Amino acid sequence: MKSASFNTSFRPRRPAGFTLVEVLISISLGSMVLAGVLSAFLMLARSGIRTSNYSVMETETRRAFEQLGIDARMANNFVSNFTGSVITSFTLTIPSNDLTTQRQVTYGIDSSDSANMKLYMVPGADPTATSGRLVLVSRVTGLTFLRYDANGTLIPTSTTSDAGVKHVQASLSVRRSTSGVAAATQVIRSSAFTLRNISI
């Protein structure tokens, strides 16, 4: 009878699975990858919001300047309205839609809320009127109206007379902000619109 022999090199099979060290390494690597993905997502989202803010600012100002240019080119009279030594609005006299009569339109800055000033247009010559007022650009932080003579020389605001005004220009600073995103700020200047129907 043969004696039973035992294989001394046999080791019991360990159960399938990960060790604690492997799990910790996997969690660390996964956390780093996830943090990178989240950071990239947040950066892309913030960039998208800022781009959207710039797009809204440019769209608003482009439309406002287009309307101002149309009215300025048709105007046959220009009157500045001063607050102290600053031009806060001006009134243009332009032909009505049927070209048989004249009407007035005023462009101005509403500074009642200093954190959110507005460039507006209102029918008539009263810059304080609210009936029919149309806000052209919101969230304005600064606005300057500039006047030039026929030679393109800037007329200083110390000159309150509008005699000799042949060109008008608007320069404004706009700021749009969204929570958690750096504010988008832009300074935009219109071209100098020629008052074609005003004789100098």
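Colleague: What should I know before I start?

Modeller: The model is predicted, so local features need pLDDT of at least 70 and side-chain atom pairs count only at pLDDT 80 or more, while totals for chains, interfaces and linings use all residues. Residues are numbered from 1 along each chain as its sequence is written, and side-chain values use heavy atoms, with hydrogens and water left out.

Colleague: Which strands does S5 pair with?

Modeller: Strands are DSSP runs of E with at least two residues, helices are runs of H or I with at least four, and both are numbered from the N terminus. Two strands pair if DSSP finds at least two bridges between them. Here S5 (residues 134-148) pairs with S4 (residues 117-123) over four bridges, in the antiparallel sense; Leu-119 has Val-137 in S5 as its bridge partner. S5 also runs antiparallel to S7 (residues 167-178), with eight bridges, and to S6 (residues 154-155), with two bridges. Five residues separate S5 and S6 in a hairpin, and Gly-152 in its turn has a positive phi of about 85 degrees.

Colleague: Is Ser-173 buried or exposed?

Modeller: Buried means under 20% relative accessible area, exposed over 50%, and partly exposed in between (1.4 Å probe, protein chains only). Ser-173 lies in strand S7 and counts as buried because its relative accessibility is 15%. Ser-173 is the bridge partner of Gly-142. Contact means heavy atoms within 4.5 Å; leaving aside neighbours within four places in sequence, the contacts of Ser-173 include Thr-141, Gly-142 and Gln-186.

Colleague: Which residues touch the most other members of the largest nonpolar core?

Modeller: In soluble globular proteins, nonpolar side chains tend to be buried together. A nonpolar core is a set of buried Ala, Val, Leu, Ile, Met, Phe, Trp, Tyr and Cys residues joined through side-chain atoms within 4.5 Å. In this model the largest one has 33 residues, and Leu-92 and Leu-195 touch the most other members. Among the elements giving two or more residues to this core are H1, S2 (86-95) and S8 (181-189).
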